[in-house]
Amino acid sequence: MTQIAAAPGEVAIGHAIAGPTPPWRLLLRRPGFLIGTGVLAFWVICAIFGGLIAPYDPLAQHLLAKNAAPSSAHLFGTDPLGRDVLSRVIAGARDILLISPLATAIGTVLGTVLGLVMGYFGGLVDTMLGRIVEAVLALPVVIVAFLFIVAVGPSSITLIVVIGFVFTPLIARTVRTAVIVEGQQDYLASARLLGERPGYILFAEILPNVLPVVVVEFTVRLGYAIFAVATLSFLGFGVQQPTPDWGGDIAANYGLLGAGYWWETLFPALAIASLVMALNLVTDAIEQVISA
Amino acid sequence: MARYLLRRLGLAVITLWILSMIVFFAGQVLPGDPGRAVLGPFASASAVRAYDHQIGVDRPLVVQYLAWIGGMLHGSMGTSYAYRSPVGPFILAAIGNSAKLAILALVIIIPLGIAGGVLAALYYGRAADRSISLLGLAASTVPEFVSGIVVIILFGIALKVLPITAATPPGSSFLTQLDHLILPVIPLVLVLFGYIARMARAGTIEALDSDYARTATLKGLRKGVVIRRHVLRNALLPTITVIATQTGYLIGGLVVVETLFNYQGIGRLILTAANGKDFPMLEAGVLTIGVVYMVATLIADVLYTLLNPRLRSEAAG
């Protein structure tokens with residue numbers, strides 16, 4: 001209050017320069033964004049400092065305390081090898097949070113290049129690549145992924161490369177559309193008249209203009225990447241046991257649900273659910289702010 | 001119209017052909033050979049070579065591809081490495097089981113998704129709209145096996161009201177089978193609800209905003225009649241297309257749900273084949289899924305054109 005009274009001129013100037021409220025301020029006003037970021041931050045901390053936070057060694061087996069129900073000693077209980085479920089959930093954040101962003105980054109870079117080329121050159125190149133893209137898209141992502149993983153063998157690197165590859169055509173399709181819209185602008189016609197090389201036009205002139213599309217595509221795909229990584233781990237194509245991993249741990253223990261050992265699968269499942277929902281709250285808030 | 005259909009069909013065939021090559025050559029990059037995979041690590045090198053020769057994997061790739069695709073066209077899908085018998089009957093039985101699950105899922109999702117989307121559109125921008133949209137989005141990003149685990153624990157273990165496996169003894173009655181399929185269907189419904197609701201919502205909002213909806217309101221029709229007769233008819237058109245394209249996601253979901261609930265469908269068949277390096281089974285299964293998806297999109301396109309008078313005349317011209 002006193003600030004405004006003291007310097008009314010300054011406020012007016014400041015407002016003229018700053019223009020409307022900056023987007024990140026609008027984001028901070030959204031409860032969804034704050035909750036989402038909070039949960040994401042929690043999992044990122046677990047991924048980085050998992051070993052320090054976890055109450056037990058996630059790999060340590062206590063065969064005398066196997067399949068123990070949640071108690072004060074083991075808040076989330078223990079698994080069939082007597083390992084602490086809470087510690088495995090905390091440590092399990094690491095691989096999924098490492099693999100998903102890397103895979104998405106590969107897909108975004110390759111997809112953007114492919115989309116630029118298809119959208120800009122059009123014609124035969126576009127038609128041929130378009131057919132291949134559609135053929136890949138004709139299969140569920142998970143099936144394409146495991147076709148490749150079966151061929152090369154499961155590992156974190158395979159998972160990153162395969163998901164990146166599968167995302168490439170999807171991202172290419174979106175970027176291609178944006179490039180075609182952009183292709184009708186005058187600045188491109190003048191660039192061509194000036195005799196600039198296609199490579200320069202593509203990366204120095206068109207790319208900066210389609211960048212917002214690329215950024216949104218990255219955030220949306222990240223959600224799908226987590227979905228895919230978790231699913232492939234569950235199917236046995238991801239991180240291999242005994243490394244703690246949410247999908248892998250569920251796959252290892254869901255057979256024991258019938259025996260009533262629900263804690264061994266419920267807690268990793270809730271971890272995945274909380275991660276994807278948090279990411280969604282954040283993506284949704286960003287999209288709302290951009291479109292507003 | 002006939003020309004449009006032919007063109008559409010031609011494109012589908014070309015896509016399918018490219019898909020068949022991708023599927024086939026992806027199966028060929030494998031390290032180690034099928035003979036070794038089938039006969040095990042202790043078989044002699046000559047036995048492995050003989051087996052490889054017998055099933056024909058020692059021929060050049062192009063020859064193998066032509067033989068494979070030729071067989072497919074004649075209705076012979078190859079011989080399983082693991083079962084040493086034709087792949088066809090396994091695929092057929094599995095597709096039948098998966099179809100039961102998929103149809104049950106669609107029967108639930110389509111009305112539910114459309115109702116949710118239309119409701120959200122009618123309350124556009126208000127709390128009901130925001131919560132339906134956000135819940136739909138959240139549900140569609142939670143992997144099927146995660147929601148599957150939650151419903152198993154909730155309904156199968158805590159409340160003990162539903163069986164936790166989908167497999168039923170052979171010859172079970174329709175109702176028993178249905179009872180076993182309720183839990184597996186829930187994760188599929190959750191994942192697809194968001195997509196269909198979103199499309200129905202967008203379509204309804206557009207139709208509500210249109211000139212014809214305004215005219216209908218202005219000529220004094222009651223709101224319910226305007227929505228039923230004018231808005232919904234136009235709004236549901238794009239939704240039909242999206243339902244068909246979601247078949248792909250549905251099949252992806254089947255792999256997971258069938259594994260989690262121990263159900264003998266096409267998804268589980270492919271997964272088992274993948275783990276056992278049973279390539280003929282894997283390739284035939286994946287190609288079958290591609291065909292199912294292609295046919296679904298084709299039907300959707302045709303349906304969309306038939307239902308939309310504007311496109312119909314464009315396609316004819």
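**One threonine and its surroundings**

Guide: Leaving aside neighbours within four places in sequence, T158(A) is in contact with I149(A), V152(A) and G153(A), where contact means heavy atoms within 4.5 Å. Please keep in mind that this is a predicted model, in which local features need pLDDT of at least 70 and side-chain atom pairs count only at pLDDT 80 or more, while totals for chains, interfaces and linings use all residues. Residues are numbered from 1 along each chain as its sequence is written, chains are lettered from A and ligands numbered from 1 in the order written, and side-chain values use heavy atoms, leaving out hydrogens and water.

T158(A) sits in helix α9 (residues 156-183) of chain A; helices (H or I, at least four residues) and strands (E, at least two) are DSSP runs, numbered from the N terminus. Its relative accessibility is 13%, so T158(A) counts as buried. The classes are buried under 20% relative accessible area, exposed over 50%, and partly exposed in between, with a 1.4 Å probe and protein chains only.

Stepping back, chain A has 13 helices and zero strands, and of its 292 residues 45% count as buried. Among its contacts between residues at least 6 apart in sequence, 71% join residues at least 24 apart.

A salt bridge can show such a link in detail; the term stands for a side-chain nitrogen of Lys or Arg within 4 Å of a carboxyl oxygen of Asp or Glu. D249(A) and R88(A) form one, with the closest N and O atoms 3.0 Å apart. D249(A) lies in helix α12 (residues 246-253) and R88(A) in helix α5 (residues 85-91), so this pair ties together parts of chain A that are 161 residues apart in sequence. Both ends are buried, D249(A) with a relative accessible area of 7% and R88(A) with 2%.

R221(A) and E217(A) pair as well, at 3.2 Å between the closest N and O atoms. These two residues both belong to helix α11 (residues 198-234) of chain A, four residues apart, about one turn of the helix.

Now for the partner chain. Chain B also comes with 13 helices and zero strands, and 47% of its 317 residues count as buried. Between them, chain A and chain B bury about 3900 Å², 79% of it on carbon and sulfur atoms; buried area is the accessible area (1.4 Å probe) that two parts lose on being put together, summed over both. On the chain A side, R131(A), L147(A) and F227(A) lose the most area to chain B, together 15% of what that side buries. The contact takes 39 residues from chain A and 48 from chain B.

R130(B) counts as partly exposed because its relative accessibility is 31%, whereas D284(A), at 13%, counts as buried.
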